[in-house]
Amino acid sequence: MFMEDVVEKTFDMAFLVEDLREIWRKTAPFHKLSAEEKKQVLTIIEGIRKNCDLISDKVSK
Amino acid sequence: MNIGKLELRDREESFINLNPLQTGGKTTPDARKAIISYIDGYSICDWCKGALHITTEPDIAGFLGEVSDFLGMDHSLPTNGCREAKYGVMHAISSGGSILCDGNMHYSSEVAAERAGLKIYKVPNGGEPEYKVTPSGYAEGFESIKKETGKYPELALLTHVDGEYGNVVDAKEVGKICNDYSVPFLLNTAYSSGRMEIDGKNIGADFIACSGHKSWAAGGGNIGILAIKEGWQDKVFKPSANWKSKPLEILGCSSRGASLMALMASFPYVKERVKNWDEEVKKARYLVNELEKIDIKQLGEKPKNHDLIKFDTPVYDNIAKTHKKKGYFLYYELKDRGIIGMKPGRTRKFKISTYGLSWKQVSYVAESFLEIGGG
């Protein structure tokens, strides 16, 4: 299902943003990240990027 | 950044927020994901079975059963907030008699009792500096009401933890007195359940009112819980005469959207976090010990047994007298350091909460207050 897949990826991205938001909450106000937190941020961004690429591919076809 | 005409709210992400109203209602990532998904009107009614509390997709019915167990009670309903839970009990019980409440009660308890047509009597607090409510005051209050009106009150209400001083009252002792007098006991746990473990049966509570958005890491609107002991269903959870599946006191269905989903999504986390209550108390005590190194005095019971702390702060009040920003200096000094949640203009007395902060954050808050005070 073309649209279902795109919709699910959109929600997945929104949920990843919430995970990212949580890291800012836990490290407020200076957001000095530990090595583990830096790794988490990069993993989240990678996940968002993958979803973006998948949606981009789908709508470009 | 704006959302149309609305300002973006990033207070939890960009600052340490000490507002006691807000620290226990900070949402979990799962709560926010649930809110995003269930954000539309009547979103939880896709598979309606006739009433909110019997809905199984999403599994609200199952959740309410788990909540009853968690609180040591027998039956639960979702409400639009803690005040609505209290009002539901008062309205169901009231025949125009009286209610005995603690002197530190929240205004919403008083307003609810007034609306339910109950005459309000209070157990006074002990005054400065601890403002404690003593359980034995309930026995004295019952006798005094009986002497005045010829009857014991129809209901007793205790604010387990008050919102002014953060005092924790011995609810079990109050429950014992209420049971001895056969006066139904309503426990307001707006500042306790969801933060600390509550066992309604052990306490002897007939009714427990909870605030999801204050202490159960729920958001996306208002949400509360009314939990009751076996035997009270016919009175307090009574259905409408013509709508047999609709409980009267929540007007059939209460919270019909994202806030209930947020409560459900945060629940696994809340069940775990109450086990760390002792650590939360340690943080509050640490902050008190640090701040009392300068001309600051903690008000309310000592030592602290809760994260909500009220301070008397002559040190800041004296600075305000000559500061160009006057009473607003403290607010701005803290904000410059990334700390918010204080009411602007307050320097003489204020209340804050350390709930949910990391030790690193609590330590930074203490350093900041001391630095501003010249300590």
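Predicted model: local features only at pLDDT ≥ 70, side-chain atom pairs only at ≥ 80, totals over all residues.
As for labels, residues are numbered from 1 along each chain as its sequence is written, while chains are lettered from A and ligands numbered from 1 in the order in which they are written.

Let's begin with chain A. Its secondary structure comes to two helices and zero strands; here helices (H or I, at least four residues) and strands (E, at least two) are DSSP runs, numbered from the N terminus. The C-alpha trace of chain A spans about 40 × 15 × 15 Å along its principal axes. Its radius of gyration is 14 Å, whereas a compact globule of 61 residues would have one near 10 Å. (That radius is taken over C-alpha atoms, and the globule rule is 2.2 Å times the number of residues to the power 0.38.) How much of chain A is buried? Of its 61 residues, 7% count as buried. A residue gets that label if 20 or more other C-beta atoms lie within 10 Å of its own; it is exposed if there are 12 or fewer, and partly exposed in between, with C-beta atoms placed from the backbone.

Now see where the two chains meet. The contact takes twelve residues from chain A and eleven residues from chain B, where two residues are in contact if their C-beta atoms, placed from the backbone, lie within 7 Å. On the chain B side, helix H1 (11–14) and helix H2 (29–37) each give two or more residues, and H2(B) gives the most, with five residues. That side of chain B divides into four nonpolar, three polar and four charged residues. In this count, Ala, Val, Leu, Ile, Met, Phe, Trp, Tyr, Cys and Pro are nonpolar, Asp, Glu, Lys and Arg are charged, and the others, Gly among them, are polar.

Chain B itself splits into domain 1 (7–25 + 276–372) and domain 2 (29–273); such bounds come from an automatic or database domain assignment. The centres of these domains of chain B, taken over C-alpha atoms, are separated by 29 Å. Where they touch, 19 residues of domain 1 of chain B are in contact with 23 residues of domain 2 of chain B. On the domain 1 side, helix H12 (277–291) and strand E12 (308–312) of chain B each supply at least two residues. E12(B) has the largest share, three residues.

That strand also belongs to a sheet. An open sheet of three strands runs in the order E11-E12-E14 (chain B), with antiparallel pairing. Two strands pair if DSSP finds at least two bridges between them. E12(B) and E14(B) are joined by five bridges, and one bridge partner pair is Ile309(B) with Ile352(B) in E14(B).

Chain B has another open sheet, this one of seven strands in the order E4-E10-E9-E8-E7-E5-E6, with mixed pairing. Its edge strands are E4 (75–79) and E6 (119–123) of chain B, each pairing on one side only. From one strand to the next, the twist averages 20°. Angles here run from 0 to 180 degrees between N-to-C directions, and axes are lines fitted to C-alpha atoms, for helices over the stretch in contact.

Why is strand E9 (residues 207–211) of chain B largely enclosed by the rest of the structure? Because five of its five residues are buried. In a regular strand the side chains alternate between the two faces of the sheet. Here Phe207(B), Ala209(B) and Ser211(B) lie on one side and Ile208(B) and Cys210(B) on the other, all buried. E9(B) pairs with strand E8 (residues 185–188) of chain B in the parallel sense over three bridges, and Leu187(B) stands opposite Ile208(B). With strand E10 (residues 224–228) of chain B, E9(B) runs antiparallel, joined by five bridges; there, Phe207(B) has Ile228(B) as its bridge partner.

Lys235(B) counts as partly exposed because it has 13 C-beta neighbours inside 10 Å.
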